[in-house]
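Open your viewer and keep the selection panel at hand. We will go from stop to stop, and at each one you will hear what to select and what is there.

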Amino acid sequence: MEIAVIALILAVLLGAFVLIPRLGKSAHKNKVKSTVDNSKVSKSYSKSEVNVHNKRTDCWIIIKDKVYDVTSYVEEHPGGDAILAHAGDDSTEGFFGPQHATRVFDMIDDFYIGDLQK
């Protein structure tokens, strides 16, 4: 009986740790999206402009000639620091790798800031 009660308490706590942060992320996601949507005036960036944003605290990436500011997502990235491997550079190959679930294709739009100059 005691084991069942302890297991139930642990399940509730674990559920709270999983659900509460996700609720906060969706609120943050909506906030970021509304900010980004207002600025989708199609600004363009040179490769050298993107290259300087190559740190954990200032991280831009290029995916298919589009520029994304993923700074706010670096700490949440499920793959850890793998997102930093191409910070300030082209991440197209890694982005379309088998490790990403299909929802990542919808999420990336929230971080769009402009296009790469050709």
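Select S46 to begin: setting aside neighbours within four places in sequence, S46 is in contact (heavy atoms within 4.5 Å) with L116 and Q117. This is a predicted model, in which local features need pLDDT of at least 70 and side-chain atom pairs count only at pLDDT 80 or more, while totals for chains, interfaces and linings use all residues. Residues are numbered from 1 along each chain as its sequence is written, and side-chain values use heavy atoms, with hydrogens and water left out.

Stay with S46 for a moment. S46 sits in the loop between β1 and α2 (47-51); helices (H or I, at least four residues) and strands (E, at least two) are DSSP runs, numbered from the N terminus. With a relative accessible area of 16%, S46 is buried; buried means under 20% relative accessible area, exposed over 50% and partly exposed in between (1.4 Å probe, protein chains only).

Next, colour the strands. In what order do the 5 strands of the open sheet lie? The order is β1-β5-β4-β3-β2, with mixed pairing; two strands pair if DSSP finds at least two bridges between them. At the edges are β1 (44-45) and β2 (54-55), each pairing on one side only.

- Select β1 and β5: they pair in the parallel sense over 2 bridges, and Y45 has L116 in β5 as its bridge partner.
- Move to β4 and β5, which run antiparallel and are joined by 3 bridges; here K66 stands opposite D115 in β5.
- Finish with β2 and strand β3 (residues 58-63), an antiparallel pair joined by 2 bridges, where K55 stands opposite D58 in β3.

Show the surface around β5: 5 of its 5 residues are buried, so β5 is largely enclosed by the rest of the structure.

Now for the aromatic rings. Rings of Phe, Tyr and Trp (its six-membered ring) pair if their centres lie within 6.5 Å; planes under 30 degrees apart count as stacked, over 60 as edge-to-face and the rest as tilted. By this rule there are 6 aromatic pairs. Select Y68 and Y112: the ring centres are 5.9 Å apart and the planes at 70°, so this pair is edge-to-face. Y68 lies in strand β4 (residues 66-69) and Y112 in strand β5 (residues 112-116), so the pair ties together parts that are 44 residues apart in sequence. Both Y68 and Y112 are buried.

For the last stop, select the largest nonpolar core, which has 15 residues. A nonpolar core is a set of buried Ala, Val, Leu, Ile, Met, Phe, Trp, Tyr and Cys residues joined through side-chain atoms within 4.5 Å. Among the residues with the most contacts inside this core are C59, I61, Y68 and I108. Its largest share, 3 residues, comes from β3. Centre on I108: not counting residues up to four places away in sequence, I108 touches I63, Y68, V70 and F95. A second, separate core of 7 residues includes Y45, I62, I113 and L116.
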